[in-house]
Amino acid sequence: RRGLIPALVTGLIMGLLDIASNAYIVNVFQLFLDYIFPYALVALAALTKPLYDRATSIDKRIAVLILGTVIGGIAKFFSHYFAGIFFWANQADFAWGLNEMQPWLYSFVYNIEQLINQQ
């Protein structure tokens with residue numbers, strides 16, 4: 001709504017609030033991939049603001065809002081996904097008895113489940 005810079009600042013503030021409320025930090029790289037980058041990456045949705053401003057009908061505006069939401073959501077998902085591959089790849093700690101699963105697939109399944117359960 002306000003553009004990329006305000007969206008980035010809001011995302012960084014949300015990441016800091018998430019850190020303050022329930023962070024589990026392994027190292028500084030994981031901190032960035034799991035807490036700082038995901039919320040800032042949601043700000044990529046603001047890249048669709050020029051399209052929104054030029055939209056001439058409500059249907060086009062809704063489509064642009066959906067597009068921005070998908071872009072920001074996918075970027076946030078991949079940040080968590082890569083954190084899962086790099087920092088949470090200990091198969092002995094996998095949830096749901098999925099210890100035989102490859103870390104890249106487990107991270108995908110786990111993060112999709114987290115995304116679904118945020119609803």
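A quick definition to start: a helix here is a DSSP run of H or I, at least four residues long, and helices are numbered from the N terminus. With that in hand, take Thr10, which lies in helix H1. Keep Thr10 in mind; I'll come back to it.

One caution before we go on. What you see above is a predicted model.

Now the overall picture. The protein has five helices and zero strands. Read along the sequence, the pattern is α-α-α-α-α. The C-alpha atoms fill a box of roughly 55 × 25 × 20 Å along the principal axes. There are 119 residues, and 28% of them count as buried. Look also at the contacts with a separation of 6 or more: 53% of these join residues 24 or more positions apart.

Next, a helix pair. How do H1 and H2 cross? H1 covers residues 4-22, and H2 covers residues 28-42. Their axes come within 6 Å, at a crossing angle of roughly 145°. The crossing is right-handed. From H1, the contact uses Leu8, Gly11, Leu12, Met14, Gly15, Leu16, Asp18, Ile19 and Asn22. From H2, the partners are Leu31, Tyr35, Ile36, Tyr39 and Ala40. By class, that contact has ten nonpolar residues, three polar and one charged.

Back to Thr10. Is Thr10 buried, partly exposed or exposed? Its relative accessible area is 46%. Buried needs under 20%, and exposed needs over 50%. So Thr10 is partly exposed. Thr10 and Asp34 are 24 residues apart in sequence, and their C-alpha atoms are 16 Å apart in space.

Asp34 turns up again in the pockets. The largest pocket has a volume of about 760 Å³. Its lining counts 27 residues, and the closest to the centre are Asp34, His80, Tyr110, Asn111 and Gln114. Which helices contribute to this lining? H1, H2, H4 and helix H5, residues 103-117, supply at least two residues each. H5 gives the largest share, with seven residues. Sorted by class, the lining has 13 nonpolar, ten polar and four charged residues.

Let's zoom in on His80. His80 sits in helix H4, which spans residues 58-87. His80 has a relative accessible area of 19%, so it is buried. The cut-off for buried is under 20%. What does His80 touch, leaving out residues up to four places away in sequence? The list is Leu33, Asp34, Pro38, Ser107 and Asn111. Two names there, Asp34 and Asn111, are also among the residues closest to the centre of the largest pocket.

On to the second largest pocket. Its volume is about 370 Å³. It is lined by 19 residues, and Arg1, Ala45, Ala46, Thr48 and Leu65 are the closest to its centre. H1, helix H3 (49-54) and H4 each supply at least two residues of this lining. H4 provides the largest share, six residues. The classes here are eight nonpolar, seven polar and four charged.

Ala63 and Tyr52 are eleven residues apart in sequence. In space, C-alpha to C-alpha, Ala63 and Tyr52 are 8.8 Å apart.

To recap: five helices, zero strands. H1 and H2 make a right-handed crossing. His80 is buried, and His80 is one of the residues closest to the centre of the largest pocket. Thanks, that's my talk.

Definitions and conventions:
Residues numbered from 1 in each chain as written. Predicted model: local features only at pLDDT ≥ 70, side-chain atom pairs only at ≥ 80, totals over all residues. Heavy atoms only, no water. Axes fitted to C-alpha atoms, helices over the stretch in contact; angles between N-to-C directions. Left-handed = near helix turned anticlockwise from the far one by under 90°. Contact = heavy atoms within 4.5 Å. Nonpolar A, V, L, I, M, F, W, Y, C, P; charged D, E, K, R; others polar. Buried < 20%, exposed > 50% of the residue type's maximum accessible area, 1.4 Å probe, protein only. 1 Å grid on protein atoms, 1.4 Å probe; cavity = no way out; pocket = protein on both sides within 12 Å on 5 of 7 lines; lining within 4 Å. Points joined across faces, edges and corners; volume = space filled by probe spheres on them.
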